[in-house]
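Here is the note you asked for on this model. The points below are arranged by topic.

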Number of protein chains: 2
Amino acid sequence: MTLQSTMMDFLEEPLPGVGTYEDFNTIDWVREKSRDRDRHREITSRSKESTWALIHSVSDAFSGWLLMLLIGLLAGSLAGLIDISAHWMTDLKEGVCLAGFWFNHEHCCWKSNTTFTDRDKCPEWKSWSQLILGHGEGAFAYILNYFMYVVWALLFSLLAVLLVKGFAPYACGSGIPEIKTILSGFIIRGYLGKWTLIIKTITLVLAVSSGLSLGKEGPLVHVACCCGNILCHLFTKYRKNEAKRREVLSAAAAAGVSVAFGAPIGGVLFSLEEVSYYFPLKTLWRSFFAALVAAFTLRSINPFGNSRLVLFYVEFHMPWHLLELVPFILLGIFGGLWGAFFIRSNIAWCRRRKTTKLGKYPVLEVFVVTAITAILAFPNEYTRMSTSELISELFNDCGILDSSKLCEYVNDFNSTKGDDLPDRAAGPGVYTAMWQLALALIMKVFITIFTFGMKVPSGLFIPSMAVGAIAGRLLGVAMEQLAYYHHDWAIFSGWCSQGADCITPGLYAMVGAAACLGGVTRMTVSLVVIMFELTGGLEYIVPLMAAAMTSKWVADAIGREGIYDAHIRLNGYPFLEAKEEFSHKTLAMDVMRPRRNDPPLTVITQDSMTVEDVETIINETTYSGYPVVVSRESQRLVGFVLRRDLIISVENARKKQDGIVSTSIIYFTDHSPPLPPSSPSMLKLRSILDLSPFTVTDQTPMEIVVDIFRKLGLRQCLVTHNGKLLGIITKKDVLKHIAQLANQDPDSILFN
Amino acid sequence: MTLQSTMMDFLEEPLPGVGTYEDFNTIDWVREKSRDRDRHREITSRSKESTWALIHSVSDAFSGWLLMLLIGLLAGSLAGLIDISAHWMTDLKEGVCLAGFWFNHEHCCWKSNTTFTDRDKCPEWKSWSQLILGHGEGAFAYILNYFMYVVWALLFSLLAVLLVKGFAPYACGSGIPEIKTILSGFIIRGYLGKWTLIIKTITLVLAVSSGLSLGKEGPLVHVACCCGNILCHLFTKYRKNEAKRREVLSAAAAAGVSVAFGAPIGGVLFSLEEVSYYFPLKTLWRSFFAALVAAFTLRSINPFGNSRLVLFYVEFHMPWHLLELVPFILLGIFGGLWGAFFIRSNIAWCRRRKTTKLGKYPVLEVFVVTAITAILAFPNEYTRMSTSELISELFNDCGILDSSKLCEYVNDFNSTKGDDLPDRAAGPGVYTAMWQLALALIMKVFITIFTFGMKVPSGLFIPSMAVGAIAGRLLGVAMEQLAYYHHDWAIFSGWCSQGADCITPGLYAMVGAAACLGGVTRMTVSLVVIMFELTGGLEYIVPLMAAAMTSKWVADAIGREGIYDAHIRLNGYPFLEAKEEFSHKTLAMDVMRPRRNDPPLTVITQDSMTVEDVETIINETTYSGYPVVVSRESQRLVGFVLRRDLIISVENARKKQDGIVSTSIIYFTDHSPPLPPSSPSMLKLRSILDLSPFTVTDQTPMEIVVDIFRKLGLRQCLVTHNGKLLGIITKKDVLKHIAQLANQDPDSILFN
């Protein structure tokens with residue numbers, strides 16, 4: 001390449017690296033969106049020139065939809081794969097199928113040709129004691145099964161933690177706090193990469209199968225976002241633009257929740273309400289499409305073997321009574337208290353993990369927690385089964401044919417008419433189940449605190465729902481028995497006569513689950529819609545809403561942050577919460593740097609600094625950008641130049657451009673004055689100068705500044721007074737200021 | 001009041017009128033939100049002082065929820081009232097109930113004790129010919145009924161137009177374009193007032209009953225917003241703040257759609273997607289609450305007499321086949337074409353109404369359109385019935401007991417198994433119905449163009465859905481017969497064998513309705529969710545989505561604007577569309593005023609202008625605000641002062657403050673210099689100066705400027721170059737610029 005063409009390139013094409021970001025840095029939304037619009041404008045204007053360009057323009061317009069289709073297909077397939085594998089491996093802890101070791105318990109018994117009494121006790125399925133001892137009875141068989149259960153659990157969880165530690169450290173946790181931060185415009189390279197995807201998918205199956213108190217729903221969102229990010233590489237439009245890529249990731253998050261619960265509308269609302277930062281309406285429609293494709297892909301794979309899209313399909317027959325709102329609100333209060341308690345304890349524990357030696361032994365930690373979980377879980381039927389099975393059973397309304405202990409009521413067949421079962425007296429099975437459930441509740445409450453945050457993939461939705469569902473079912477059965485034995489009480493009169501079916505304990509479990517999930521995550525509309533999609537009836541929206549509302553109010557009264565925001569703060573990510581109003585009366589001048597006694601702001605002048613001067617400034621300061629002014633005396637602002645762009649351009653000029661030496665003057669002006677022939681050639685850098693930096697006056701209230709940062713997605717903003725440049729406010733300054741006003745440590749904000 | 005206290009007031013309390021807006025002006029979102037935060041801050045800080053203040057603070061926090069509850073109750077009740085009245089008055093056109101004239105046809109026959117063969121032909125219900133002639137047979141009876149039908153229709157519609165014209169001119173139309181504009185921050189006094197509410201409620205019933213081709217769904221949104229606006233007056237928080245009030249109106253719009261269709265989630269999404277401008281997440285949750293309360297209030301009133309929440313309850317039994325996507329997409333194309341055609345024709349007609357003499361005779365216009373509609377409608381069974389009944393019948397899947405003409409198939413009872421009806425050959429009734437429906441389609445298509453925009457309340461949802469449902473049913477029956485007679489064709493092989501029920505014509509009608517509604521309004525997610533809530537099954541989301549997507553693409557390819565945006569533009573409202581990307585490469589300097597050859601920008605200096613100078617500026621210019629600068633020479637910006645505030649303050653000072661004369665100097669500075677005793681006393685106006693005006697540089701791309709205007713809700717923005725004030729850009733300038741670039745008349749933007 002000749003010098004001339006290099007110079008031409010230098011003038012027209014941006015240098016490689018100019019306009020990109022470093023790891024753990026915040027993107028500039030305004031610049032990214034401008035770049036995308038430029039690209040779009042160019043394609044549109046070219047499309048009139050040739051047929052090929054027209055095809056390119058059309059395919060560019062439809063690439064977003066194609067991408068959504070691919071994300072939906074991939075996320076749905078992976079979710080199906082995870083469901084099937086986790087199901088099989090969970091059953092592996094109990095025994096193995098002789099007809100083929102790759103069948104899970106249920107499939108094994110479906111394949112069976114022999115007749116057997118109990119639905120899930122077919123001769124082909126052998127528990128470990130049956131396989132090894134030849135029989136399944138007696139204390140020794142019990143101990144052997146117990147031992148195998150614990151061994152498998154430890155094996156799975158250790159494999160998971162070793163894989164995470166060895167190959168993809170980002171694969172641990174739920175991933176939602178980090179995804180929230182990434183969507184708000186932060187860069188964490190590799191967090192959504194292919195290794196994370198592969199390892200997270202495998203270890204998620206292992207972690208769920210190990211019987212730890214965790215769920216797969218949160219990690220599925222991470223998996224879906226990895227799919228989205230990887231598939232973005234197929235399309236230049238999304239690969240090269242950080243803002244456009246985040247639109248895709250928002251949609252991918254929706255697809256993730258959609259497959260996690262089988263709730264496409266709930267998924268989109270979850271992405272809108274909980275995860276996303278910048279969510280234009282175009283994204284809403286595309287997210288919905290992705291969520292729907294993902295849900296239908298999953299349904300075609302049919303991992304639950306029942307053609308149902310949703311995880312916990314329930315169908316209740318009875319309407320609820322207005323008076324039942326009282327227990328529902330009680331459940332809401334319980335959910336709120338549990339949420340606040342969980343967040344505080346979990347954050348305290350995670351902080352201890354970060355600051356003490358504990359954090360250095362993740363494998364040991366996983367080993368200990370798994371061992372305790374497995375040892376405590378096996379003796380209790382309700383903790384031995386997988387948590388999603390447990391929730392499913394708790395949500396279930398007892399039919400006449402249900403054989404589970406929870407449905408062991410004293411049947412009075414005289415009063416039964418058709419399908420409608422009246423409230424009945426609880427039999428001994430129900431009372432046993434109550435005790436076991438109460439113990440399971442206590443165990444879940446405490447073990448989950450230590451589980452969430454370990455170095456394995458771990459979601460919170462399922463454990464939270466389990467806690468709420470147990471509490472709800474307990475309350476529901478209590479109410480039912482109260483109504484059965486005391487239907488003459490005033491509160492029951494009029495709606496709950498003898499022999500009527502007035503209380504549905506399964507509904508209480510569902511309401512409790514919603515309340516606890518709401519208390520932990522502080523979701524609102526998306527929570528209600530997800531629960532509504534699970535049941536498919538508009539009837540129960542009011543109880544769900546009452547519980548979710550109470551739970552949020554109670555939890556908010558104790559601590560404002562949801563679990564994801566708390567983890568974001570714990571990790572020091574620069575996340576500017578869009579939900580919280582900034583309510584203090586500070587001004588931009590209180591936040592900007594330089595502070596009162598600091599040295600003055602480092603600025604670059606537009607036409608009087610040499611290459612050496614600029615290099616000195618770069619070396620002596622660490623700011624990510626510098627304002628360019630007309631002159632030091634006037635302090636009138638011309639533009640803003642980014643450190644990274646400046647370094648790359650100066651280095652490149654030194655190498656490739658003739659006559660650039662330390663004494664060359666750098667010009668940011670449009671026209672440079674004619675130079676005397678003796679002086680070194682000048683360096684023109686107007687192309688890297690941002691001529692439209694955002695400015696506010698020093699008297700601007702910080703609430704408005706925060707609003708501007710949020711809504712426009714700024715990295716920094718310059719402060720002026722009567723037209724003169726005074727200082728600068730960066731996103732980090734804003735976050736530190738907010739932390740300070742909330743009596744938190746401002747140094748907890750780690751990144752720019 | 002002494003002079004001193006007046007002066008104290010003057011310094012501390014804002015003058016009455018300062019900070020309010022004139023009619024047909026745009027509000028300043030930033031200022032309104034700041035004011036609300038100030039108010040909130042004050043209440044919070046006071047709450048620590050006394051118990052009373054604490055109660056005040058808590059009640060303030062919950063007033064939003066209380067307001068939502070009230071809106072839900074009121075909107076639900078009004079919707080119930082409208083439904084019941086419209087039902088009764090629609091039947092009044094046909095006859096009257098002898099058991100009591102206040103019963104509608106259906107209720108009349110329910111009350112009947114005598115036995116009668118046909119469900120809706122009870123002896124108590126008398127058609128007009130039966131009442132007057134004593135019998136209902138023969139040509140003369142038919143003509144009498146025809147005559148009465150037309151007379152009642154004319155009576156109702158004339159009453160409606162006279163009421164609208166006489167008492168509340170804003171009660172006409174659907175109201176959604178205006179509500180969109182109001183929500184974006186425009187002020188139209190009285191548009192949501194109590195007179196509009198009363199008259200719109202009454203005239204809506206009249207207009208719907210008159211049989212005109214219009215629906216009540218859009219106007220119900222207007223009615224709900226009126227409720228919201230009126231109830232706002234109960235709470236200071238919302239009464240005094242234009243931004244907060246708009247949050248409430250967004251929620252009220254959701255409640256409106258919720259009762260219109262019985263779809264609370266769809267209502268919230270409609271408000272989010274279609275109507276609202278500023279929609280924080282807090283509003284999402286509250287809107288959902290309001291929508292739910294409204295839906296349940298309506299259900300308790302039970303206007304349809306079937307305990308169903310939704311307008312068109314359908315339950316289909318058969319899944320759809322993937323190949324059926326082809327006809328569904330065809331329906332999507334039809335919907336898109338109809339939408340684009342309707343928008344063009346309707347806008348052309350409305351423009352003619354605005355510009356020619358036609359607009360001067362609204363009563364005559366309504367008379368003529370009603371007469372034509374009624375005369376054409378009566379002979380055809382499908383146009384004689386109310387449009388919502390028609391849609392309901394078209395959506396319906398023919399059961400074995402259905403007696404309507406549309407279900408007159410040739411029954412072969414040998415092949416029937418239980419509830420499942422196979423595809424059957426169409427009987428003569430079906431063929432007659434097809435012809436009548438085709439005629440009804442043609443009539444609806446044309447008459448709706450002339451109906452929407454007349455001086456009566458008129459919604460578009462129902463007529464659009466009717467057009468789509470007719471087209472869909474026609475296609476569905478055609479497909480069904482094709483499958484019946486040619487089940488050996490390759491395309492049917494494998495999924496549609498003889499005697500199978502493979503085509504559900506009702507589903508086609510539903511898909512067609514969604515496609516046409518989508519083509520006209522360009523709704524996306526909310527459309528699919530509303531249709532999904534109507535049917536209650538996730539099964540049919542994919543067909544609905546395919547049709548809605550195709551319809552939107554086809555319609556967008558012909559014309560970008562939906563009907564509401566087109567009407568906003570027709571009326572010249574200043575609405576900055578948030579969905580459309582601004583894609584031109586202009587800069588702020590191209591849009592700002594003064595233009596190149598204009599006189600310089602009118603500015604006020606901070607400490608050198610007299611009262612007289614300022615009054616001269618006010619009288620000589622009509623700008624709504626003036627920048628304040630340090631001095632004319634430096635042009636360094638200090639702040640911005642609004643014309644209205646300036647006029648009020650100067651007038652007030654002249655009247656009430658001692659020593660203010662024409663030569664008094666106005667100071668906008670913080671500290672004013674000591675004056676020589678002889679000079680007139682000065683006027684300090686710093687309190688009305690906005691010290692944080694938004695500024696951009698002249699090199700800022702307009703796409704960023706548009707983004708700032710949209711996201712922050714600005715009225716104006718100042719333009720600087722190297723720290724010096726250059727010009728100003730107002731919202732009107734931005735809108736004019738956008739119109740110009742889209743080759744539209746920039747002078748069509750009428751308001752600020």
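**Notes on the predicted model**

1. The second largest cavity holds about 70 Å³ of space. This is a predicted model, and the values that follow are computed from it.

2. The lining of this second largest cavity is drawn from both chains: F694(A), T695(A), V696(A), I708(A), L712(A) and C717(A), together with F694(B), T695(B), V696(B), I708(B), L712(B) and C717(B). Four elements each give at least two lining residues, namely β11 (695–697) and α27 (702–712) of chain A and β11 (695–697) and α27 (702–712) of chain B. By class, the lining has ten nonpolar residues, two polar and no charged.

3. What lines the largest cavity? The residues are N25(A), T26(A), S624(A), R715(A), Q716(A), T730(A), K731(A), K732(A) and N752(A). Its volume is about 90 Å³. The lining of the largest cavity contains six polar and three charged residues and no nonpolar ones. In the structure there are 15 cavities of 30 Å³ or more.

4. In chain A, three strands form an open sheet in the order β6-β9-β10, and the pairing is mixed. Strands β6 (609–610) and β10 (683–684) of chain A are at the edges with a single partner strand each, so each has one side without a neighbour in the sheet.

5. How many bridges join β9 (residues 665–667) of chain A to β10(A), and is the pairing parallel or antiparallel? The two strands pair in the parallel sense, over two bridges. I666(A) has L683(A), in β10(A), as its bridge partner.

6. Backbone geometry deserves a separate check. Most peptide bonds are trans, and most residues other than glycine have a negative phi. The bond joining R593(A) and P594(A) is a cis peptide bond, with omega about 0°. P594(A) sits in the loop between α24 (588–591) and β5 (604–605) of chain A.

7. In chain B, the peptide bond from R593(B) to P594(B) is likewise cis, and omega is near 0°. The loop that holds P594(B) runs between α24 (588–591) and β5 (604–605) of chain B.

8. N743(A) belongs to the segment after α28 (731–741) of chain A. Exposed means over 50% relative accessible area, so N743(A), at 72% relative accessibility, counts as exposed.

9. Q635(B) is another residue other than glycine with a positive phi, near 55°. Q635(B) is placed in the loop between β7 (625–629) and β8 (637–642) of chain B.

Methods. Residues numbered from 1 in each chain as written. Chains lettered and ligands numbered in written order. Predicted model: local features only at pLDDT ≥ 70, side-chain atom pairs only at ≥ 80, totals over all residues. Heavy atoms only, no water. Pairing = 2+ DSSP bridges. 1 Å grid on protein atoms, 1.4 Å probe; cavity = no way out; pocket = protein on both sides within 12 Å on 5 of 7 lines; lining within 4 Å. Points joined across faces, edges and corners; volume = space filled by probe spheres on them. Nonpolar A, V, L, I, M, F, W, Y, C, P; charged D, E, K, R; others polar. Buried < 20%, exposed > 50% of the residue type's maximum accessible area, 1.4 Å probe, protein only.
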